[in-house]
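Dear colleague,

Please find below the structure for your review. A summary of the findings follows it.

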Amino acid sequence: MIDFKVIGEPVILKNARKICPNDIEKCIEAGRYGALKRALKEMSPEDVIEEVKKSQLRGRGGAGFPTGLKFELAAKEKSDKKYVVVNGEEGEPGTFKDRIIMEDSPHLLIEGTILAGYAIGADEGIICVRCDYIKAIKRLRKAIADAYNMGILGKNIFGTDFSFDITIERGAGAYVCGEETALLEMLEGKRGEPRKKPPFPPQKGLYGKPTVVNNVETLANLPFIISEGADRFLEFGIDGSHGTKLFSLSGDIEWKGLIEIPFGATIKEIIELAGGVKDGKKLKAVILGGVSGTLVRYDEVDISVDYHSLGVIEAGPGCGTIIVLDETRDIVDVTENIMEFFRTESCGKCRPCSLGTVSLCNLIHRIKEGNGTEEDLKKIEKISIGMRKASFCGLGQTAPNILYQSIQKFRDEWLAHVRGGKNDRDGYHKNRRQRIHGRVGTDDS
């Protein structure tokens with residue numbers, strides 16, 4: 001079982017593992033569905049949207065788009081049908097925060113989904129769960145069935161005119177389907193590839209109808225905002241970044257698990273709360289926000305985790321992942337694993353991504369085999385910049401992030417490989433063959 005910790009007062013993990021997620025009556029006794037009842041009985045959909053806008057809640061899936069604004073855009077669209085789609089695909093390596101919410105607090109997510117539906121005028125929600133999250137799917141199915149039996153889902157919820165249905169769809173398990181429009185394509189039974197935008201999903205989403213696509217963690221914040229009020233939510237965090245954020249901790253760290261922090265805590269504080277770097281070794285770097293996120297050097301970790309501070313080093317909280325690398329990690333090995341992942345996960349829709357990831361892998365392999373040159377490093381940087389500018393979707397645009405930053409921040413290590421100081425051709429080929437045949441994992445976390 002994945003353990004979790006909290007810095008300060010929790011918002012998302014408040015009742016996690018204190019109340020059995022399979023006991024809806026106990027959940028209701030603890031206050032679950034109180035926010036929904038208040039919204040349906042005392043607030044208009046416009047009131048809900050205004051409260052969410054006032055809370056300054058931003059999407060927790062990576063993009064950080066203002067949630068209230070997304071609701072407002074969908075609510076303004078005139079349509080006979082609207083949808084709420086919950087993105088529980090969670091394909092980023094090292095990320096498991098949404099899994100914990102779905103497993104331990106399924107009624108929290110259901111309540112948040114119904115609130116989103118009420119706000120935008122939707123009558124149907126679809127929770128798309130990563131296909132191998134078996135436990136999460138099982139618990140969500142029971143929670144949804146119990147909610148129907150209690151009159152919390154279905155027709156005339158709490159005796160009001162509002163009706164809402166929720167179904168579960170198993171995701172394809174493809175990284176690209178974490179992108180909202182690729183997710184919609186998959187739900188429509190098509191190949192999971194991103195769509196051209198605009199139009200955006202709030203205007204034309206699932207089956208061409210207005211749709212809000214929200215991350216699991218984002219929707220899990222709504223019950224607190226509606227029950228406690230936006231002013232209370234604003235007490236968490238700092239200016240420009242309010243509320244709390246979940247981070248999945250893994251890599252070379254003493255304690256691995258899930259942590260909930262208020263925005264404003266530093267990366268250094270998070271690592272220290274988790275017991276520090278494993279076996280007393282020195283910190284080399286942190287991969288923040290997933291393998292498409294940011295490489296934070298050891299001398300940059302005393303930085304506040306918030307949108308403004310992280311923006312100074314061109315970073316962001318991303319999908320909520322912290323992978324710790326100790327001093328023994330070879331940065332070229334790390335980036336090779338990441339680029340091989342993206343080469344496999346590229347959907348092939350656009351050439352900058354499909355060919356770029358292959359070219360970058362080939363260049364890294366050449367350097368590791370002892371045949372690389374400094375000119376190859378320039379090629380890697382040039383291809384990375386080209387992918388950022390020309391790729392069709394976020395996957396291709398962000399795939400070379402860690403690789404590019406590793407050359408900027410650990411150039412000496414790359415040059416050591418190029419000049420032969422770190423090359424072990426026989427060992428390299430042996431390890432690569434083992435990885436390919438699945439005998440050695442790419443990450444021990």
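**The sheet and its surroundings**

In this predicted model, strand E2 (residues 83-88) and strand E5 run parallel and are joined by five bridges. Tyrosine 83 has threonine 211 of E5 as its bridge partner. Both strands belong to an open sheet of four strands with parallel pairing, in the order E4-E3-E2-E5. Strand E4 (165-170) and strand E5 (211-215) form the edges, each pairing on one side only. On average, neighbouring strands are turned by 20° against each other, direction ignored. Helix H6 (residues 106-120) packs on this sheet and touches E2, E3, E4 and E5; the direction of H6 makes about 145° with that of E2.

**Salt bridges**

The whole structure contains 35 salt bridges. One of them pairs aspartate 104 with arginine 17 at 2.7 Å, N to O. Aspartate 104 lies in helix H5 and arginine 17 in the loop between strand E1 and helix H1, so the pair ties together parts 87 residues apart in sequence. Aspartate 104 counts as buried at 8% relative accessibility, while arginine 17 is partly exposed at 32%.

Lysine 368 forms a salt bridge with glutamate 336, with the closest N and O atoms 3.4 Å apart. This pair links helix H15 to helix H14. Lysine 368 is buried, at 7% relative accessible area, and glutamate 336 is buried as well, at 1%.

Arginine 419 and glutamate 374 meet at 3.1 Å, N to O. Here arginine 419 is exposed at 59% and glutamate 374 partly exposed at 42%.

With kind regards

How values were computed
Residues are numbered from 1 along each chain as its sequence is written. This is a predicted model: local features need pLDDT of at least 70, side-chain atom pairs count only at pLDDT 80 or more; totals for chains, interfaces and linings use all residues. Side-chain values use heavy atoms; hydrogens and water are left out. Two strands pair if DSSP finds at least two bridges between them. Helices (H or I, at least four residues) and strands (E, at least two) are DSSP runs, numbered from the N terminus. Axes are lines fitted to C-alpha atoms, for helices over the stretch in contact, and angles run from 0 to 180 degrees between N-to-C directions. Contact means heavy atoms within 4.5 Å. A salt bridge is a side-chain nitrogen of Lys or Arg within 4 Å of a carboxyl oxygen of Asp or Glu. Buried means under 20% relative accessible area, exposed over 50%, partly exposed in between (1.4 Å probe, protein chains only).
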